[in-house]
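This briefing goes with the structure shown below. Please keep the model in view while reading, and look up each residue as it is named.

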Amino acid sequence: MASVVIVGDGPGGLSAALFLAKNGQQVTVFGQDKTAVHYAYLYNYLGIPEISGSDFQKTARDQVERHGAELVEDEVTSVEAGERFRVVTAEGRTVEADYLILTEGKNPKLARSLGLAETPEGAIAVDSECRSSLDRVYVVGRSIRPNRSQVVISAGDGAKAALDILAREEGKDVQDWDTPPKSS
Ligand SMILES: Cc1cc2nc3c(=O)[nH]c(=O)nc-3n(C[C@H](O)[C@H](O)[C@H](O)COP(=O)(O)OP(=O)(O)OC[C@H]3O[C@@H](n4cnc5c(N)ncnc54)[C@H](O)[C@@H]3O)c2cc1C
């Protein structure tokens, strides 16, 4: 089992947390539920005809916790890269993890503090699986596309990062596919 720290509790971070926790990884998500989604009313999330951003967040947070991720209401103030990643929070917690997913939204301060490569436009640069320029560090959501940010895209990015971590841990590609429960 790998340990994963996720900084940010918007749709990008929560989606990554869902896929990882559901598949048995140890997941800690830091954030204070201050995502921009609370200002949104969603008509463009496929499969959900309409929902307020706050209701979407509440459902997502409950879902993630039900699958075993830990949501910690705290701000991460620094990250250090080494053999493992170490994050320190405003309330004085220190947590270490094998992987780091940064999903800080429009102002990716921690990503910049790690010296991650950036695009010419000033977004954090990642590959198609949301891997940053530093091994085992992923950046998802608005931080990698500040001017083309949508909830469904951040959620998709989180899923991509999570599947990549699961594949690394398994040593082969992974698909998180389920089928309907059998009726009794
Ligand atoms: C008024 C408004 C209306 C919108 N309407 C829509 C819409 O209709 N449809 C749509 O698809 N999108 C809409 N959006 C955009 C949508 O909100 C974003 O696409 C989405 O929030 C991006 O998700 P994210 O997870 O990438 O980042 P964010 O939602 O920005 O989440 C980042 C989270 O990380 C937290 N964080 C940052 N740094 C730290 C740290 N150091 N420690 C702990 N936590 C940290 C932040 O507080 C935040 O909670 C709207 C946005 C606004 C402002």
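In this predicted model, the buried residues of α4 are Val151, Ser154, Ala155, Asp157, Gly158, Lys160, Ala161, Ala162, Leu163, Asp164, Ile165 and Leu166. The cover over these buried residues includes β1 (3-7), α1, β3 (41-42), β9 (99-102) and β10 (137-139).

**Helix α4**
- α4 is made of 20 residues.
- From its first C-alpha to its last, α4 reaches 29 Å, which is close to the 28 Å expected at 1.5 Å a residue.
- An α-helix has 3.6 residues a turn, so residues three or four places apart point the same way.
- Gly171 follows α4, and its phi is positive, near 75 degrees.

**Gly12, a residue of α1**
- Gly12 lies in helix α1.
- Is Gly12 buried or exposed? Gly12 counts as buried because 34 other C-beta atoms lie within 10 Å, and the cut-off for a buried residue is 20 or more.
- Gly12 and Ser154 are 142 residues apart in sequence, yet their C-alpha atoms are 4.4 Å apart in space.
- Leaving out residues up to four places away in sequence, Gly12 touches Thr103, Val140, Gly141, Ser154, Ala155, Asp157 and Gly158.
- Among these contacts of Gly12 are Ser154, Ala155, Asp157 and Gly158, which are also among the buried residues of α4.

**Strand β9 and its partners**
- Tyr99 and Ile101 point one way from β9, while Leu100 and Leu102 point the other way.
- All four of these β9 residues are buried.
- β9 pairs with β1 in the parallel sense, over four bridges.
- In β10, Val139 stands opposite Leu102.

**Around the ligand**
- How many residues surround the ligand? There are 31, and the closest are Gly8, Gly10, Ala40, Gly105 and Gly141.
- Sorted by class, the shell has twelve nonpolar, 14 polar and five charged residues.
- Gly141, one of the closest residues to the ligand, is also in contact with Gly12.

**Ala125, a loop residue**
- Ala125 is in the loop between α3 (109-113) and β10.
- Ala125 is partly exposed because 16 other C-beta atoms lie within 10 Å, a count between the cut-offs of 12 or fewer for exposed and 20 or more for buried.
- Apart from neighbours within four places in sequence, Ala125 has contacts with Ala117, Glu118, Thr119 and Ser133.
- Tyr138 is 13 residues from Ala125 along the chain, and their C-alpha atoms are separated by 10.0 Å.

**The whole chain**
- The chain has four helices and ten strands.
- Along the sequence, these follow the pattern β-α-β-β-β-α-β-β-β-β-β-α-β-α.
- For 184 residues, a compact globule would have a radius of gyration near 16 Å, and the chain agrees with this because its own value is 16 Å.
- The C-alpha trace spans about 50 × 35 × 35 Å along its principal axes.
- Of the 184 residues, 39% count as buried.
- Among contacts between residues at least 6 apart in sequence, 54% join residues at least 24 apart.

Conventions:
Residues are numbered from 1 along each chain as its sequence is written. This is a predicted model: local features need pLDDT of at least 70, side-chain atom pairs count only at pLDDT 80 or more; totals for chains, interfaces and linings use all residues. A residue is near a molecule or strand if its C-beta atom, placed from the backbone, lies within 6 Å of it. Ala, Val, Leu, Ile, Met, Phe, Trp, Tyr, Cys and Pro count as nonpolar, Asp, Glu, Lys and Arg as charged, and the others, Gly among them, as polar. Helices (H or I, at least four residues) and strands (E, at least two) are DSSP runs, numbered from the N terminus. The expected span of a helix is 1.5 Å times one less than its number of residues. Two residues are in contact if their C-beta atoms, placed from the backbone, lie within 7 Å. The radius of gyration is taken over C-alpha atoms; the globule rule is 2.2 Å times the number of residues to the power 0.38. Two strands pair if DSSP finds at least two bridges between them.
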